Amino acid sequence: MFSKPLVAASLEPLMLSLLREGDMYGYQIIQRIKALSDGQIVWTASKLYPLLHKLEATGVVTAVWQPSKNGPDRKYYRLTPKGRQALQQHQREWSDYHALLAKLWGPDLSAT
């Protein structure tokens with residue numbers, strides 16, 4: 001299970017990475033991260049929507065309402081060009097951080 005601090009530190013890059021796959025609405029995002037993490041990350045609406053609203057406010061995500069065949073209209077979220085740049089920056093940072101940990105831990109983690 002991932003620790004809460006690790007998940008909290010990775011919320012933005014996780015969300016931007018998910019939206020790189022394409023436009024998604026809230027419940028779809030929740031189900032996708034749960035599936036990708038094999039159930040280790042379970043977002044609730046109270047965690048998800050404040051993050052999405054923050055990302056909208058900073059201009060890295062935009063939202064559009066679209067009709068749904070199975071009920072009320074859905075609000076779909078998508079990356080903006082600024083969001084794609086932010087994701088690239090996150091990727092560089094996380095890659096560099098991973099490289100640092102790999103140097104510290106060595107190639108064989110099972111020996112520690």
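Reply: The side chains of H90 and E12 make a polar contact at 3.1 Å; a polar contact is a pair of N or O atoms within 3.5 Å, where, within protein, one must be able to donate a hydrogen and the other to accept it, and residues adjacent in sequence count only if both atoms are side-chain atoms. This is a predicted model, in which local features need pLDDT of at least 70 and side-chain atom pairs count only at pLDDT 80 or more, while totals for chains, interfaces and linings use all residues. Residues are numbered from 1 along each chain as its sequence is written, and side-chain values use heavy atoms, with hydrogens and water left out.

H90 is part of helix α5 (residues 81-105); helices are DSSP runs of H or I with at least four residues, numbered from the N terminus. With a relative accessible area of 16%, H90 is buried, whereas E12 is partly exposed at 21%. Buried means under 20% relative accessible area, exposed over 50%, and partly exposed in between (1.4 Å probe, protein chains only). Apart from neighbours within four places in sequence, H90 is in contact (heavy atoms within 4.5 Å) with E12, P13 and L16.

E12 also forms a salt bridge with K54, at 3.6 Å from N to O; a salt bridge is a side-chain nitrogen of Lys or Arg within 4 Å of a carboxyl oxygen of Asp or Glu. K54 lies in helix α4 (residues 45-57) and E12 in helix α2 (residues 11-20), so this pair ties together parts 42 residues apart in sequence. K54 is partly exposed, at 45% relative accessible area.

Notes. Helix = DSSP H or I, 4+ residues; strand = E, 2+ residues; numbered from the N terminus.
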